[in-house]
Amino acid sequence: MIVGGFLGFLGLFLSAFVSQMELWILTYGVISGLGFGLVYSPCFTVINFYFERRRALAIGTVLLGTGIGSVVFPFVFQSLIAYYGLRGAVLVISALTLNICVCAALIRQPKELSHRKTSLHQKTNSEDESQEMKNKTNHDEKKQTCFNCHVCKPKRPLFHFSLLRIPSFLIYSIGFMCSIFAYFSNFVLIPGHARVQGMDSEDIAVFLSVVGGMMVLARPAVGILADSNLIHKRNIIGAFVAVGGILSIILPWMPGFFPLIIYSVSVGIFPGSFFMFIPLLLLEITTLDNLPQAQGLMNLCIALPVGISQPAAGWLRDLTGNWCWSFRVSGAVSLLAGVCFVLEPAFRPKKCLKENQTVSSESAQLENL
């Protein structure tokens with residue numbers, strides 16, 4: 001996270017002195033994008049190790065940061081650009097990004113991930129002491145050296161590609177890929193649709209702030225709902241993204257300021273809540289120990305729709321001459337995500353499904369006790 005925070009700063013800092021879009025793609029897109037990617041995954045994954053009973057609420061609380069940022073920063077960026085110009089604004093934002101390094105210093109390695117390394121080092125130290133006391137032979141010393149080499153280089157896979165053989169993981173991957181495609185499209189669709197109707201930058205800043213404000217209100221509430229086990233988590237997110245898709249399809253028939261406000265509210269509540277369900281659903285098909293690798297593989301899967309969602313929305317607008325089909329395609333993709341989440345149990349082996357239901361019922365009974 002510290003390295004990621006520095007790369008985010010470096011990319012933004014270099015962008016302030018770049019005047020060509022091709023170089024902006026390198027500095028802002030590649031360097032800063034790599035840095036923010038290094039920050040996102042550890043911060044989002046580590047919280048799952050700190051909490052168990054109220055894990056969904058904890059994740060929702062962590063994600064309040066993105067909601068608060070969405071409320072505050074559109075107005076901050078607008079003021080910085082008006083006062084300092086684009087270059088000065090980017091320099092100020094790059095300096096703010098360095099605070100990520102300070103926050104990263106507060107993160108502590110979860111005991112589940114550090115336990116193996118600690119126990120191996122303790123075992124090594126005890127064997128070294130016994131070796132000095134008993135004066136082992138050179139043959140024993142060679143064995144110990146080999147053991148130390150094995151300890152110093154534990155083999156831990158970067159990605160668990162074996163998860164791709166699990167039908168549930170594939171279905172969840174498709175669902176989250178569709179969800180994130182529809183969600184990120186909104187940050188092009190809302191400003192574009194507003195400008196076509198003659199609205200100015202201040203109105204657009206209001207819409208984006210409404211999205212962030214509703215994230216702040218909705219995510220803790222959704223976390224409490226997910227922790228309650230009244231409704232299965234996959235059904236919650238399935239219903240949320242489906243509602244978001246329906247509203248996206250309907251919006252082009254309702255022009256004006258207030259329909260866009262209502263749509264911004266719905267984006268913050270419904271599609272904006274899907275991020276917190278990624279680790280929650282992954283923990284249904286993998287162990288907590290393997291969550292970082294599973295989360296990394298899922299991030300790898302959803303990176304493609306993140307990259308193409310906004311250009312695709314703009315391409316459809318150029319092709320059709322309006323934003324209507326961009327909204328409809330985004331809504332249809334969101335509906336597909338809802339179908340994937342709701343129908344995921346149909347792709348599980350019956351044996352695994354029964355085991356999961358048994359475990360879920362036992363967990364609920366333990367929580368009640």
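1. Helix α10 passes helix α14 in a left-handed crossing. Left-handed here means that the near helix is turned anticlockwise from the far one by less than a right angle. Helices are DSSP runs of H or I with at least four residues, strands are E runs of at least two, and both are numbered from the N terminus.

2. A word on the basis. The model is predicted, so local features need pLDDT of at least 70 and side-chain atom pairs count only at pLDDT 80 or more, while totals for chains, interfaces and linings use all residues. Numbering starts from 1 along each chain as its sequence is written, and side-chain values use heavy atoms, with hydrogens and water left out.

3. The overall make-up comes next. The protein has 15 helices and zero strands. It has 369 residues, of which 41% count as buried. Buried means under 20% relative accessible area, exposed means over 50%, and partly exposed lies in between, with a 1.4 Å probe and protein chains only. Take the contacts in the protein with a separation of 6 or more: 81% of them join residues 24 or more positions apart. A contact means heavy atoms within 4.5 Å.

4. Helix α10 spans residues 233-250 and helix α14 spans residues 324-343. Their axes lie 7 Å apart, at an angle of about 165 degrees. The axes are lines fitted to C-alpha atoms over the stretch in contact, and angles run from 0 to 180 degrees between N-to-C directions. That angle makes α10 roughly antiparallel to α14, a label for angles over 145 degrees.

5. Which residues make the contact between α10 and α14? On the α10 side they include R234, I237, G238, V241, G245 and I249. On the α14 side they include F327, R328, G331, L335, G338 and F341. By class, the α10 and α14 contact holds eleven nonpolar, nine polar and two charged residues. Nonpolar covers Ala, Val, Leu, Ile, Met, Phe, Trp, Tyr, Cys and Pro; charged covers Asp, Glu, Lys and Arg; the others, Gly among them, are polar.

6. A second pair deserves a look. Helix α1 (residues 2-15) packs with helix α4 (residues 64-97) at an angle of about 170 degrees, and their axes are 8 Å apart. So α1 is roughly antiparallel to α4. From α1, the residues G5, G8, F9, L12, F13 and S15 take part. They meet V90, L91, I93, S94, A95 and T97 of α4. The α1 and α4 contact has seven nonpolar, five polar and no charged residues.

7. How many salt bridges are there? The count is one. The rule asks for a side-chain nitrogen of Lys or Arg within 4 Å of a carboxyl oxygen of Asp or Glu. The partners are R234 and E344, with their closest N and O atoms 3.7 Å apart. The pair links distant parts of the chain: R234 sits in α10, E344 in the loop between α14 and α15 (350-368), and 110 residues separate them. R234 is buried at 11% relative accessible area. E344 is buried too, at 0%.

8. Y172 touches both partners of that bridge, R234 and E344. Y172 lies in helix α8 (residues 167-196) and is buried, with a relative accessible area of 0%. Y172 and C340 are 168 residues apart in sequence, yet their C-alpha atoms are 7.0 Å apart.

9. Helix α13 (residues 291-320) holds A303, and P305 is also placed in α13. Is P305 buried or exposed? P305 is buried, at 5% relative accessibility. Beyond neighbours within four places in sequence, P305 is in contact with M177, I180 and F181. Its C-alpha lies 9.5 Å from that of F176, 129 residues away along the chain. A303 is partly exposed at 44%.

10. F161 is in the loop between α7 (138-152) and α8 and is partly exposed at 47%. Its C-alpha is 8.5 Å from that of A294, 133 residues apart along the chain. N229 sits in the loop between α9 (201-228) and α10. Most residues other than glycine have a negative phi. N229 is not a glycine, yet its phi is positive, about 60 degrees. N229 is partly exposed, at 39% relative accessibility.

Conventions: Angles under 35 degrees count as roughly parallel, over 145 as roughly antiparallel, 65 to 115 as roughly perpendicular and the rest as oblique.
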